[in-house]
Amino acid sequence: MKKSFITLLCSSLLFTTSCSKDDKKLYNLFIGTSGNFFHLDSCASAGGNEKIGTNFIYINENPVSFYGGYSYVLQLNQWLKPGTNTFSIKGKSSKDLFIKVASTSLDGRNFKLLFKKHIKAGNIDFKQKFNPEVKYNLPLFKSSIPDDKNKNKEEISHFLNVIASNIDKKKIWYELIYGRSIWEKEAYAINDWSKQEKIYLDNLRKSFAGNHTEMTFNKLSLKYLWGKNSVYVYSGIKTDFIPSTYLFTIKKYSDNKETLDYSPACQLIKVNGQWKVWY
């Protein structure tokens with residue numbers, strides 16, 4: 001029997017965050033192939049136990065995530081803006097999809113359903129407007145992707161090569177958390193970014209500093225999804241267990257043993273003429 005995953009967020013659910021308890025809200029997308037609890041507007045769920053195809057999720061015309069099946073919950077705050085926002089999903093699914101977008105207060109209370117949609121199996125191209133109560137203005141929406149795609153690809157592959165070639169250096173670690181240093185404070189109301197930053201840098205140091213690590217990508221294999229303000233870059237799709245997109249191949253050598261891992265896809269923005277990691 002295949003393992004089934006389900007994530008449930010109801011109006012009675014409480015959870016702990018490191019955020020300050022002000023008027024900000026948490027926004028989440030729930031998507032899956034199970035219709036359990038879908039009829040309820042007081043909670044949101046994501047359930048599923050199988051691969052269903054290749055789909056990409058867009059928020060405000062920016063590609064933010066891949067979805068290939070099973071249950072999936074995606075935090076949205078770092079992709080939102082004041083006023084009317086848009087959700088889109090494009091691709092193909094062998095199963096019906098059940099989608100909800102909902103908000104809670106930062107402590108998990110005050111559940112509010114923004115919209116829900118049951119999408120039939122087949123080719124998918126769905127778009128929905130919604131209005132979150134967002135007051136922050138992220139620099140994401142000041143980013144503009146130039147029209148010259150070939151030049152963009154050359155610049156991005158160069159940027160990725162600098163990261164891969166210097167992954168053991170602290171200056172590159174700051175590049176990797178550039179976006180987080182902005183949206184965790186603005187969109188998630190993180191109280192103490194310096195503390196959070198230290199955690200990220202410590203994790204990167206433990207993973208890469210002093211280790212025999214080789215991080216690579218094939219320039220010719222890179223795939224690009226061009227958004228209005230950001231670019232989704234990935235090398236391929238891993239299909240073992242839960243499907244996901246990856247960017248870098250990571251090889252580590254220790255005690256004459258080699259371990260293989262992959263880094264997630266990357267979303268880039270352009271700031272003052274330079275490519276930066278947003279997520």
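Q: Hi! Which residue is the bridge partner of Val233 in E17?
A: Hello! In this predicted model, Val233 is bridged to Cys266 of E17.

Q: And how many bridges join strand E13 to strand E17?
A: Three bridges link E13, residues 231–234, with E17, residues 266–271. The two strands run antiparallel.

Q: What sheet do E13 and E17 belong to, and in what order do its strands come?
A: They sit in an open sheet of four strands, ordered E12-E13-E17-E18, with antiparallel pairing. Its edge strands are E12 (223–226) and E18 (274–277), each of which pairs on one side only. On average, neighbouring strands in this sheet are turned by 30° against each other, ignoring direction.

Q: Nice. Which helix lies across E12, E13, E17 and E18?
A: That would be helix H1, made of residues 149–165. Helix H1 runs at about 55° to E18.

Q: Changing topic: what is the phi of Glu61?
A: Glu61 has a positive phi of about 65°, although Glu61 is not a glycine.

Q: Where is Glu61 found?
A: Look in the loop between strand E4 (51–59) and strand E5 (62–69).

Q: Why does Glu61 count as partly exposed?
A: Because its relative accessibility is 44%, and partly exposed covers the range between under 20% for buried and over 50% for exposed.

Q: What about Phe241, what is its phi?
A: Phe241 has a positive phi of about 60°, and Phe241 is not a glycine. You'll find Phe241 in the loop between strand E14 (236–238) and strand E15 (244–254).

Q: What is the relative accessible area of Phe241?
A: The value is 48%, so Phe241 is partly exposed.

Conventions:
Residues numbered from 1 in each chain as written. Predicted model: local features only at pLDDT ≥ 70, side-chain atom pairs only at ≥ 80, totals over all residues. Heavy atoms only, no water. Pairing = 2+ DSSP bridges. Axes fitted to C-alpha atoms, helices over the stretch in contact; angles between N-to-C directions. Contact = heavy atoms within 4.5 Å. Buried < 20%, exposed > 50% of the residue type's maximum accessible area, 1.4 Å probe, protein only.
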